[in-house]
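The sequence and structure are shown first, and the discussion follows.

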Amino acid sequence: MSVNSKEAILLAAKKIAQSQGYNGLNFRDLAEAVGIKAASIYYHFPSKADLGIAVARRYWEDGALALEMIESESPSPLDALHRFPEIFRRSLEADNRLCLGSFMGAETDTLPVEMTNEIQKFAEVNIAWLSKLLVAAKVCESGESESRARAIFAAIVGAQLLARSRSDISLFDALVDSYRASGPLPA
């Protein structure tokens, strides 16, 4: 089995987990999505837990890269902060999927400990990035930036969850606009 097969498995597993969560992920459906035999998945991932950990790790790593890209493409820290919701909107645009960090975060009682740690890193990476940019944009002082960053992260995650539950991406956009007008996001 090639590295490309491993990547295909990770990608398909991420898509399934974003719509059904970790508990909805099974090797039979995953194999069908990739076009391989279910037993072939065990070549790269000896257990469902190993697969889940790898998916969660890849998700936060990709998220960190996306944040870096936003920051490098933005003319100012404030512009980068304005673009933060884009990451969560993309999941909704992809067949009304939910952020993997949010979906699996809700399942932590049933996840392997190592996987929970990887899921928590997703939130930590986002909050640290927001905190850094809030200070750089002079939106708040460093002593206040982490709590403000948590509020922004929670608000965007909540907006995504509400929009997904209604299959209405315009609701996400409206909530983000209201967060900019009177909520945690800077105007």
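What is the accessible surface of the protein chain, and what percentage of it belongs to carbon and sulfur atoms? The accessible surface comes to about 9300 Å², and carbon and sulfur atoms account for 53% of it.

## Overall fold

The model is predicted. The protein chain contains 10 helices and zero strands, and its pattern along the sequence reads α-α-α-α-α-α-α-α-α-α. Along the principal axes, the C-alpha trace spans about 55 × 30 × 30 Å.

A compact globule of 187 residues would have a radius of gyration near 16 Å, and the 17 Å of the protein chain agrees with this expectation. Of the 187 residues, 43% are buried. Among contacts between residues at least 6 apart in sequence, 66% join residues at least 24 apart.

## The nonpolar core

The largest nonpolar core holds 54 residues, and those touching the most other members are Leu 51, Phe 84, Phe 88 and Ile 156. Helix H4 (residues 48-73) supplies the largest share of this core, with 10 residues. In soluble globular proteins, nonpolar side chains tend to be buried together.

Leaving aside residues up to four places away in sequence, Leu 51 touches Ile 9, Leu 10, Ala 13, Leu 25, Phe 27, Leu 30 and Phe 45.

## Helix H8

Helix H8 (residues 113-136) has 24 residues, which at 1.5 Å a residue should span 34 Å; the end C-alpha atoms are 34 Å apart, in agreement.

Just after H8, Lys 138 adopts a positive phi of about 60 degrees.

## Helix H10

Phe 172, Val 176 and Tyr 179 are buried in H10. Seen down the helix axis, the buried residues of H10 fall within an arc of 55 degrees, so they line one face of the helix. An α-helix has 3.6 residues a turn, so residues three or four places apart point the same way.

Helix H6 (85-93) and helix H9 (142-166) are among the elements that cover the buried residues of H10. The face of H10 turned away from its buried side carries the exposed residues Ala 181 and Ser 182.

Note on methods:
Residues are numbered from 1 along each chain as its sequence is written. This is a predicted model: local features need pLDDT of at least 70, side-chain atom pairs count only at pLDDT 80 or more; totals for chains, interfaces and linings use all residues. Side-chain values use heavy atoms; hydrogens and water are left out. A nonpolar core is a set of buried Ala, Val, Leu, Ile, Met, Phe, Trp, Tyr and Cys residues joined through side-chain atoms within 4.5 Å. Buried means under 20% relative accessible area, exposed over 50%, partly exposed in between (1.4 Å probe, protein chains only). Helices (H or I, at least four residues) and strands (E, at least two) are DSSP runs, numbered from the N terminus. Contact means heavy atoms within 4.5 Å. The arc is that of the directions from the helix axis to the C-beta atoms. The expected span of a helix is 1.5 Å times one less than its number of residues. The radius of gyration is taken over C-alpha atoms; the globule rule is 2.2 Å times the number of residues to the power 0.38. Accessible areas come from the Shrake-Rupley method with a 1.4 Å probe; for residues, only the protein chains shown count as cover.
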